[in-house]
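Hello,

Here is the structure we talked about.

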Amino acid sequence: MTAEQTDLTYRNPVLNADWSDPDVIRVGDDFYLTASSFGRAPGLPLLHSRDLVNWTLVGHALERLEPEAEFTTPRHDCGVWAPSLRHHDDRFWIFWGDPDQGVFQVNAPEIRGPWTRPHLVKAGKGLIDPCPLWDDETGEAYLVHAWAKSRSGVKNRLTGHRMHPHGTELLDEGTVIVDGDRIPGWFTLEGPKLYKHDGWFWILAPAGGVETGWQGAFRSRTFFGPYEEKVVLEQKDTDVNGPHQGGWVRTASGEDWFLHFQQRGPYGRVVHLQPMGWSRGGTSRSSEAESGGGWPVLGEDGAPVAVHRRPDLPPQPPAAPATDDDFPGGRFGRQWTWTANPKEGWATQHSADGLRLTCVRSADAHDLRRLPHVLTQRLPGDPCSVEVELRLDGEEPGARAGLAVLGDAYRWIGLQRGADGTVHVVHRFAETVAEQERDADHPRPAPDGRALLRVDIDAGARCRFSYDTGDGFRPSGQVFAATPWRWVGALLGLVAVAPTGQGHAGTATFTRFRIGAPAHG
């Protein structure tokens, strides 16, 4: 097997950006995937594929986070955690846990909607990673979820409920069906995905922590147990740390596959595709599975694969979630999300191309991490060059706009209007512990109020900032190492802001946003 992808093979990761905690289903010939979106809006991204390798972003299931009042300001590590995607009764269903609110559900007749407003299925602190199951054989419905110790004081256990078949309420108080504390060596058991195949209830759930854990499989003849367990995927001698938490999907021809994440520091949780077989020569349809054999075998003998034969599915053209944007008519693509629930007027449509952002007045203008009106997309997992053209139209002294690499620490480069009306290129940063930003380089004149901004990002997410005001690119400041939040990878952001005051502070227009090959070797 070669190290390179070919027409007959694929190379992991298949989604090389922060598509955290993925879940996947098949409906007919189509595969759909959703992922955690935490405190950003819109949330619950919806991806589509025909071959499990090439994916495109087709929409979002959650227009705004609820309760609305909780997400008027950024809550980067809160909100939508580890959703489960299912198709039942001719509808798509997504369940997720908000660690501060409880278990929510939305559903829709088509993947592109219209999606219902969030319905709170179970209120409570620390209820995370819910997954439903409708048992077509019996008509019963169930739900399993994990626990966040930070909110509940409890972790390392899975709780099961009977659920009303309409999916809007639970029918009991819940029972612990898997207690990780009773399994030697297991800790931080979470992220369960629930299935029923050939008379077995299967729970695929990770343990051991995000960065270094493993993938477990649990099975029982009855939903409430008892369950037996087995480790079915772990790092072994590969460079894929903590390969776990994801979904099992079966193709129309009967092939089984497993999509999961790998934590990659500033890049967040990238998505890998693993072949899935069955032990002792069995399949989940075999008599051996019926008699107690047939455990899942993920990857290559339980280790992640780097390159593998493609799924036995019709060939598809190369595809990936969009990144570039010309902002036609002032509209931005599906790849962009706000850092909190948006307000009307942050971005305005117009007749030409270009994203016209209002320089929103804010008492938090000194700290981008506290601004709800930063428009973001995921940081690519490969070395790249990010460019965007910027024109600052705001006349207000202190009005500014720019391109950011945003995380627990951040850095941005852009334009700012001075007290004398002139515009300068500014480059600012804030360390993780800093309460406000400061200069990363000396301001430079931008006579026309325009600049082409660039961030070159190399291996390890080391970022080099530069700008061009008409006479070629000039480097600015020191190298910056992109920094994730606790659960969320670093983000690329576009922002326009102004100090507090009266009246409209003007706008900034971004055009031709591009992510391409690294500009420097």
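The second largest cavity has a volume of about 30 Å³. A cavity here is a set of points on a 1 Å grid over the protein atoms alone, where a 1.4 Å probe fits but cannot get out. Points are joined across faces, edges and corners, and the volume is the space filled by probe spheres set on them. This is a predicted model: local features need pLDDT of at least 70, side-chain atom pairs count only at pLDDT 80 or more, and totals for chains, interfaces and linings use all residues. Residues are numbered from 1 along each chain as its sequence is written, and side-chain values use heavy atoms, without hydrogens and water.

Lining residues have an atom within 4 Å of a point. For the second largest cavity they are Ser 37, Arg 40, Pro 42, Gly 43, Pro 45, His 60, Thr 337 and Arg 378. Two are nonpolar, four polar and two charged; Asp, Glu, Lys and Arg count as charged, Ala, Val, Leu, Ile, Met, Phe, Trp, Tyr, Cys and Pro as nonpolar, and the others, Gly among them, as polar.

The largest cavity holds about 50 Å³. Its lining includes Leu 62, Phe 71, Trp 96 and Asp 98. Seven of the lining residues are nonpolar, one is polar and two are charged.

Now the sheet. It is open, with four antiparallel strands in the order S2-S3-S4-S5. Strands are DSSP runs (E, at least two residues), numbered from the N terminus; two strands pair if DSSP finds at least two bridges between them. S2 (23-27) and S5 (56-62) are the edges. S3 (30-34) and S4 (43-49) pair over four bridges.

Best wishes

Methods. 1 Å grid on protein atoms, 1.4 Å probe; cavity = no way out; pocket = protein on both sides within 12 Å on 5 of 7 lines; lining within 4 Å.
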